[in-house]
Amino acid sequence: MRNLRLGVNIDHIATLRNARGVRYPDPVHAAAIAEQAGADGITIHLREDRRHIVDRDVRMLKQTLNVPMNLEMAITDEMLAIAEEIQPTYCCLVPEKRAELTTEGGLDVAGQLPAVTAAVTRLQAAGIAVSLFIDANREQIDAAKASGAPLIELHTGQYAEAESLAQQAAELEKIRAGARYAAEQGLQVNAGHGLHYHNTLEIAQISEIEELNIGHAIIARAVLVGLETAVRDMKQIMNKAR
Ligand SMILES: CC(=O)[C@@H](O)[C@H](O)COP(=O)(O)O
Ligand SMILES: NCC(=O)COP(=O)(O)O
C-alpha cells in the first residue's frame, strides 16, 4: 500500500491569534514546528472574510515552507489573482458561505462545470496543481475529471459528524466507493474535514487515498500537549493504517 501523507491545516493557529488582534501565535512558527514533527504539507484556507488566515500569512509561508503549500480558496477573481501571484504548490477549490461556521459540503462541480473548468485552466496555466474539494459521489467525481483537475479531496465531514454508528458506516462506505471510483478514473485522491484522533484510522485504511488534510483536531490537541506531539500522534495513527 502507498504511503499516506499528512497535510496539517494551521488555520486555527490564526483563529487564536486573531481573537486578540495580536501577533501570536504565528502560523509561520506553527508551520515550522509541524514540518519538524513530520507534516508532509501545510494547508491554509484563505477565506474571503479573512477570519483566520490573512494575506500576510500566505506570503510569509510561501517564503518559509519546506514542504508543499496547499492553498484552499473559493473560486473568485480576487482569490485566483492571489494564487497566481503567490504560486502555492496546490490550490484546493472549495465552496464558501459567509455565515458558515466551517465548510458545510463539497464544491458543486457538476452544477457549475464551465466556471470550475475556467478556474482550473487558469491556475494550471500558472503552474499550480489544482484539487477540487468534493463530496464522494460519481456525479461530482465525473465532473471533477471533466474539469481537467488531476486531484480531488473527498469531503469527510458527513462521516465525521454522523450521529450513529450505522450512519457513520454508511458514510465511510460512500467515501470508500468514491475513492475507488475516482482512482479508476485516474484522479489522485485526498480526503479531509472533521477528522480527529478517533475517526481517522478507518479513512486512512482506504488504500486509494494518498493524503489527509487535518486541522482543527490537531490544533485543539496542540493546545494541551504541544503541536509537535499532536502532529506525531496523528502520523502514528495514519502509519498504523498502512
Ligand atoms: C475546505 C475545508 O475543509 C477546510 O478549509 C476546513 O474547513 C478548514 O477551514 P475552516 O475551519 O475555515 O472551515
Ligand atoms: N480540507 C480539510 C482541512 O484542511 C482540514 O479540515 P479540519 O480538520 O480543520 O476540519
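Residues are called buried here when their relative accessible area is under 20%. In this predicted model, strand β3 (residues 69-73) is mostly covered, with five of its five residues buried. In a regular strand the side chains alternate between the two faces of the sheet. Both faces of β3 are covered: M69, L71 and M73 are buried on one side, N70 and E72 on the other.

Strand β3 has parallel partners. Four bridges link β3 to strand β2 (residues 41-45) in the parallel sense. Within this pairing, H45 stands opposite E72. The chain passes from β2 to β3 through helix α3 (residues 55-64), in a right-handed β-α-β crossover. Strand β4 (residues 90-93) also runs parallel to β3, joined by four bridges. Here the bridge partner of E72 is C92.

An unreviewed UniProt entry annotates H45, E72 and H193 as "active site". These residues span 149 residues in sequence, yet no two of their C-alpha atoms are more than 12.2 Å apart, so they gather at one spot. H45, E72 and H193 belong to the lining of the largest pocket.

H45 lies in strand β2 and is buried, at 3% relative accessibility. Beyond its sequence neighbours within four places, its contacts include D11, H52, E72 and T103. H193 lies in the loop between β7 (188-192) and α9 (200-204). H193 has a relative accessible area of 18% and is therefore buried. Among the residues that H193 touches, outside four places in sequence, are T103, F133, H155 and N213. The side chain of H193 reaches the backbone oxygen of T103 at 3.5 Å.

Methods. Residues are numbered from 1 along each chain as its sequence is written. Chains are lettered from A and ligands numbered from 1 in the order in which they are written. This is a predicted model: local features need pLDDT of at least 70, side-chain atom pairs count only at pLDDT 80 or more; totals for chains, interfaces and linings use all residues. Side-chain values use heavy atoms; hydrogens and water are left out. Buried means under 20% relative accessible area, exposed over 50%, partly exposed in between (1.4 Å probe, protein chains only). Helices (H or I, at least four residues) and strands (E, at least two) are DSSP runs, numbered from the N terminus. Two strands pair if DSSP finds at least two bridges between them. A crossover is right-handed if, with the strands pointing away from the viewer, the path from the first strand over the helix to the second runs clockwise. UniProt positions are given in the numbering used here, feature names are shortened, and annotations may be inferred rather than shown by experiment. On a 1 Å grid over the protein atoms alone, a cavity is a set of points where a 1.4 Å probe fits but cannot get out, and a pocket is an open set with protein on both sides within 12 Å along at least five of seven lines; lining residues have an atom within 4 Å of a point. Contact means heavy atoms within 4.5 Å. A polar contact is a pair of N or O atoms within 3.5 Å; within protein, one must be able to donate a hydrogen and the other to accept it, and residues adjacent in sequence count only if both atoms are side-chain atoms.
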